[in-house]
Amino acid sequence: MKELIYFVEDDENIAELLEATLSLNGYRSKGFFEPLAMLKDLATTKPDLIILDLMLPNMNGYDVLKYMKKNDNLADIPVIILSAKSSELDIVKGLDLGASDYMTKPFGILELSSRIKANLGKMVKKSGNEDLLVVRELQLDESKHQCTLRGEIVKLTVTEYEIVKVLMKNKGVVMTRNKLLNMIWGYENLAETRTLDMHIKSIREKFSKVTMDIYIETVRGIGYIIN
């Protein structure tokens with residue numbers, strides 16, 4: 001059965017565009033005007049992905065993310081934020097709260113379709129290779145989908161986990177921004193790389209709470225590397 005995607009959008013025109021886009025791509029979908037209705041529905045149905053606006057009636061998108069991440073049954077659902085809020089602070093906050101991706105309005109249908117496909121793919125990857133990846137005191141247990149640093153569990157979002165995994169599997173190799181965008185999100189040659197850079201920033205901040213050792217290094221003008 002094709003994937004089920006929920007979206008929360010209070011603008012009727014955008015909601016119709018999302019419904020049409022999802023239908024054209026063969027997905028099942030269900031739209032909600034406000035988030036409380038979706039959260040009630042989540043008690044009985046678990047979608048494969050959620051597209052979430054931030055400025056909504058009754059409850060904002062940030063609070064929806066907080067609620068989901070506290071619920072073990074909902075925490076692993078990929079969430080793409082789709083919002084007119086485009087400041088760096090807004091994007092960082094959304095990613096820090098657990099969104100797997102962030103798109104700003106107005107948006108392109110083709111790019112949205114690409115990001116949906118990439119984020120759905122992350123759910124499949126989680127149950128794959130059970131090898132333990134190790135770089136110094138950083139470990140990634142793919143069988144548990146768990147990251148530890150110096151023996152302490154580091155809580156990563158789905159996207160952060162995928163970034164660390166790609167970098168660890170390519171230890172000692174400089175991964176260009178375009179290559180990371182392609183491997184994680186399914187597209188490349190994107191002029192706007194803020195989303196990737198902000199994920200890296202968030203990962204570094206989480207690592208810095210455990211150790212001062214540097215794991216993800218920036219290769220200026222090119223990309224990132226783990227040594």
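Colleague: Which element gives the most to the lining of the largest pocket?

Modeller: In this predicted model, helix H3 gives the most, with 3 residues. The pocket itself has a volume of about 650 Å³. Of its 23 lining residues, Lys69, Ala75, Lys155, Leu156 and Thr157 are the closest to the centre. Two or more residues come from each of helix H3 (61–69), strand S8 (146–149), strand S9 (152–154) and helix H6 (158–169).

Colleague: How does the lining of the largest pocket divide by class?

Modeller: The lining has 10 charged, 9 nonpolar and 4 polar residues.

Colleague: Why is H6 called roughly perpendicular to H8?

Modeller: The axes of H6 and helix H8 (residues 194–208) cross at roughly 85° and come within 10 Å. Angles of 65 to 115 degrees count as roughly perpendicular, so H6 is placed in that class relative to H8.

Colleague: Which residues of H6 and H8 meet?

Modeller: From H6 there are Thr159, Glu160, Ile163, Val164 and Leu167. In H8 their partners are Leu196, His199, Ile200, Ser202, Ile203, Lys206 and Phe207. By class, the residues of this contact are 7 nonpolar, 3 polar and 2 charged.

Colleague: What makes H7 and H8 roughly perpendicular to each other?

Modeller: H7 and H8 pack at an angle of about 85°, with their axes 10 Å apart. The range for this class runs from 65 to 115 degrees, and the two helices are therefore roughly perpendicular. Arg177, Leu180, Leu181 and Trp185 in H7 meet Thr195, Leu196, Asp197 and His199 in H8. This contact divides into 4 nonpolar, 2 polar and 2 charged residues.

Colleague: What makes the pairing of the side chains of arginine 177 and aspartate 197 a polar contact?

Modeller: The value for this side-chain pair is 3.1 Å. A polar contact requires N or O atoms within 3.5 Å, one able to donate a hydrogen and the other to accept it. The pair is accordingly listed as a polar contact. Arginine 177 belongs to helix H7 (residues 177–185). Beyond residues up to four places away in sequence, arginine 177 touches Thr193, Leu196, Asp197, Gly221, Ile222, Gly223 and Tyr224.

Colleague: Which peptide bond is cis, and what is its omega?

Modeller: The bond joining lysine 105 and proline 106 is cis, with omega about -5°. Proline 106 sits in the loop between strand S5 (101–104) and helix H5 (109–125). In general, most peptide bonds are trans.

Notes: Residues numbered from 1 in each chain as written. Predicted model: local features only at pLDDT ≥ 70, side-chain atom pairs only at ≥ 80, totals over all residues. Heavy atoms only, no water. Helix = DSSP H or I, 4+ residues; strand = E, 2+ residues; numbered from the N terminus. Contact = heavy atoms within 4.5 Å. 1 Å grid on protein atoms, 1.4 Å probe; cavity = no way out; pocket = protein on both sides within 12 Å on 5 of 7 lines; lining within 4 Å. Points joined across faces, edges and corners; volume = space filled by probe spheres on them. Nonpolar A, V, L, I, M, F, W, Y, C, P; charged D, E, K, R; others polar. Axes fitted to C-alpha atoms, helices over the stretch in contact; angles between N-to-C directions. Parallel < 35°, antiparallel > 145°, perpendicular 65-115°, else oblique.
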